[in-house]
Amino acid sequence: MATSASPTPDPAPGRGKFSTRLLHGGAEPDPRFTLANERTFLAWIRTSLALLAGGIAVEAFTTELFITEVRKTVAILLLVLAMVIGAGAFFRWLNVERAMRHKTPLPLPLIAPILAIGGAVVAAILVVFVVLRPL
């Protein structure tokens, strides 16, 4: 009896075992689509870095403006949001790349609502603080 082929396909030309395992096979998409996916990933990373810088700036430069609880809450929310968006950007890139390789529908961008909700929460905290702040 003949045995079936190995469960892991041979890597595509120019691809290593790690890439093949990470991308789960499929056909190489048009390089323009892969590069567009990469640019989108980099845009999410820039957003993550901006949130990171904002969190650090809030903690470092607003000691006289905000009370400690508000300052730390806003800084932590921005830093956690930066971390989630940064990690989510990688998984978004990977899922889109896999979808293009297997010619399946693109996944929904789950990090977009996370960013929108996180930004709204931070803004709401700041609005409440400004409204309730004694003159």
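**Close-up 1. Thr-62 and the residues it touches in the predicted model.** Not counting residues up to four places away in sequence, Thr-62 touches Ala-57 and Arg-71, where contact means heavy atoms within 4.5 Å. Thr-62 is located in the loop between helix 2 and helix 3; helices (H or I, at least four residues) are DSSP runs numbered from the N terminus. With a relative accessible area of 11%, Thr-62 is buried. Buried means under 20% relative accessible area, exposed over 50% and partly exposed in between, with a 1.4 Å probe and protein chains only. This is a predicted model in which local features need pLDDT of at least 70 and side-chain atom pairs count only at pLDDT 80 or more, while totals for chains, interfaces and linings use all residues. Residues are numbered from 1 along each chain as its sequence is written, and side-chain values use heavy atoms, with hydrogens and water left out.

**Close-up 2. The aromatic pair of Phe-66 and Phe-129.** Three aromatic pairs are found in a search of the whole structure. Rings of Phe, Tyr and Trp (its six-membered ring) pair if their centres lie within 6.5 Å; planes under 30 degrees apart count as stacked, over 60 as edge-to-face and the rest as tilted. The ring centres of Phe-66 and Phe-129 are 5.1 Å apart and the ring planes stand at 75 degrees, so this pair is edge-to-face. Phe-66 belongs to the loop between helix 2 (31-61) and helix 3 (68-102), and Phe-129 to helix 4 (residues 111-132), so the pair ties together parts that are 63 residues apart in sequence. Phe-66 and Phe-129 are both buried.

**Close-up 3. The aromatic cluster of Phe-90, Phe-91 and Trp-93.** Phe-90 and Phe-91 have ring centres 5.2 Å apart and planes at 70 degrees, so they too form an edge-to-face pair. Together with Trp-93, these two residues make one aromatic cluster. Phe-90 counts as partly exposed, at 31% relative accessibility.

**Close-up 4. Helix 2 against helix 3.** The axes of these two helices come within 7 Å and cross at roughly 170 degrees. Axes are lines fitted to C-alpha atoms, for helices over the stretch in contact, and angles run from 0 to 180 degrees between N-to-C directions. Helix 2 and helix 3 are therefore roughly antiparallel; angles over 145 degrees count as roughly antiparallel, under 35 as roughly parallel, 65 to 115 as roughly perpendicular and the rest as oblique.

**Close-up 5. Helix 2 against helix 4.** Here the axes come within 13 Å and cross at roughly 20 degrees, which makes helix 2 roughly parallel to helix 4. The contact is made by Trp-44, Thr-47 and Leu-51 of helix 2 with Ile-111, Ala-112 and Leu-115 of helix 4.

**Close-up 6. Ala-89 and its contacts.** Ala-89 is placed in helix 3 and, at 1% relative accessibility, counts as buried. Leaving aside neighbours within four places in sequence, Ala-89 is in contact with Phe-41, Trp-44, Ile-45 and Ile-111. The C-alpha atoms of Ala-89 and Ile-45 are separated by 6.7 Å, although the two residues are 44 residues apart along the chain.

**Close-up 7. Val-84 and Leu-115.** Val-84 is part of helix 3 and counts as partly exposed, at 33% relative accessibility.
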